[in-house]
Amino acid sequence: MEIGFIGVGNMAKAIINGWQKNGVQAKINVHSAHKENYVPYATEHGLYACSDNVSVVQNSDIIFLAVKPLVLGKVLAEIKASVKQKKPLIVSMVTGVSLDELTKALDPQVKLIRIMPNVNVEIGEGMTALVANKNVASEELKNVTELFELVGKTQLLPEKDFSTFVALAGSSPAYVYFFIDAMARTGVKYGLSKAQATQIAAQAVLGSAKKVLHETKSPMDLIDDVCSPGGTTIAGLLALEEAGFMTAVVKGLDATIKKDQGQ
């Protein structure tokens with residue numbers, strides 16, 4: 001299998017790094033507008049640096065579109081003829097661009113999968129949503145899904161739910177990092193080093209997330225398990241809610257969804 005990446009930004013690198021750590025055997029062709037970025041990266045990771053986007057298409061069976069939305073139109077115009085001739089599987093990870101828009105820009109017969117991974121694929125703990133158009137065979141969708149199951153969890157979602165997924169999984173690592181940093185800074189306030197406090201907070205978040213995934217109880221039920229009558233946890237929880245913690249989280253996700261929908 002030969003895989004191509006058009007665009008070699010942070011997300012593309014996270015995916016490639018995750019695959020390589022988990023033993024994916026594939027020739028990977030890459031091209032980016034920034035030669036100073038993708039050529040050294042390709043050399044370091046044993047990838048094939050292509051001279052242009054058309055070369056990526058011509059030498060790959062599966063092509064990942066990993067460019068910014070602002071340059072996507074130019075890229076699609078460049079590769080349109082090659083895609084029509086070679087008929088590869090196109091996998092788009094471009095935020096906010098629908099399967100229908102991509103089809104119109106390329107070819108009615110193009111095989112398209114749209115994905116939304118998050119950066120945690122790099123450490124094998126990613127969350128990726130997938131949806132395919134009618135031209136994609138079930139085996140092709142299965143193959144791409146299995147690639148991402150090597151580096152985390154996957155969900156097949158209707159395209160209408162992708163903006164919600166962006167908020168819950170795509171952007172949320174930044175919000176979780178923000179939460180961990182806030183806890184760590186509180187630890188510093190009370191005398192811990194930043195390194196100590198960050199490790200303590202991050203491990204607490206990691207363990208709590210794993211418990212949610214492994215338990216049949218809801219997160220709210222798990223909260224009740226931790227809150228002893230008259231204890232420290234319920235005091236802190238009520239203070240968080242008084243400060244609008246849940247409302248702030250919902251507002252942040254609302255803003256993310258609206259931005260992804262172009263509102």
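Biologist: How many positive and negative side chains does the protein chain have, and how far apart are the centres of the two sets?
Modeller: There are 26 positive and 26 negative side chains, and the centres of the two sets lie 5 Å apart. Lys and Arg are counted as positive and Asp and Glu as negative, while His and the chain ends are left out; each charge is placed at NZ of Lys, CZ of Arg, CG of Asp or CD of Glu.

Biologist: What kind of model is this?
Modeller: It is a predicted model, in which local features need pLDDT of at least 70 and side-chain atom pairs count only at pLDDT 80 or more, whereas totals for chains, interfaces and linings use all residues. Residues are numbered from 1 along each chain as its sequence is written, and side-chain values use heavy atoms, with hydrogens and water left out.

Biologist: OK, overall picture: what does the C-alpha trace span, and how many helices and strands are there?
Modeller: The C-alpha trace of the protein chain spans about 70 × 40 × 30 Å along its principal axes. The secondary structure comes to 12 helices and eight strands, where helices (H or I, at least four residues) and strands (E, at least two) are DSSP runs numbered from the N terminus.

Biologist: And how much of the protein chain counts as buried?
Modeller: Of its 263 residues, 40% count as buried; buried means under 20% relative accessible area, exposed over 50% and partly exposed in between, with a 1.4 Å probe and protein chains only. In the protein chain, 63% of the contacts with a separation of 6 or more are between residues 24 or more positions apart, a contact being heavy atoms within 4.5 Å.

Biologist: Switching to the sheet, what is the strand order?
Modeller: The eight strands form an open sheet in the order β3-β2-β1-β4-β5-β6-β7-β8, with mixed pairing. The edge strands are β3 (48-49) and β8 (152-156), each of which pairs on one side only; two strands pair if DSSP finds at least two bridges between them.

Biologist: Which way do β1 and its partners run?
Modeller: Strand β1 (residues 2-6) runs parallel to β2 (residues 27-31), joined by five bridges, and G4 stands opposite N29 in β2. Strands β1 and β4 also pair in the parallel sense, over four bridges, with I6 opposite L65 in β4.

Biologist: Where do the side chains of β4 point?
Modeller: I62 and F64 point one way and I63 and L65 the other way, and all are buried. Strand β4 pairs with β5 in the parallel sense over four bridges, and the bridge partner of F64 in β5 is V91.

Biologist: Is β7 paired parallel or antiparallel to β6, and what about β8?
Modeller: Strands β6 and β7 pair in the antiparallel sense over four bridges, with I115 bridged to L130 in β7, whereas β7 and β8 run parallel and are joined by five bridges.

Biologist: Why is β7 described as largely enclosed?
Modeller: Six of the seven residues of β7 are buried, so the strand is largely enclosed by the rest of the structure. T128 lies in β7 and is buried, with a relative accessible area of 0%. T128 stands opposite T154 in β8, and, leaving aside neighbours within four places in sequence, its contacts include I115, F148 and F165.

Biologist: Which helices lie across that part of the sheet?
Modeller: Helix α7 (residues 162-170) lies across β6 and β7, running at about 170° to β7. Helix α6 (residues 138-149) lies across several strands, among them β6, β7 and β8, and runs at about 150° to β8. Axes are lines fitted to C-alpha atoms, for helices over the stretch in contact, and angles run from 0 to 180 degrees between N-to-C directions.
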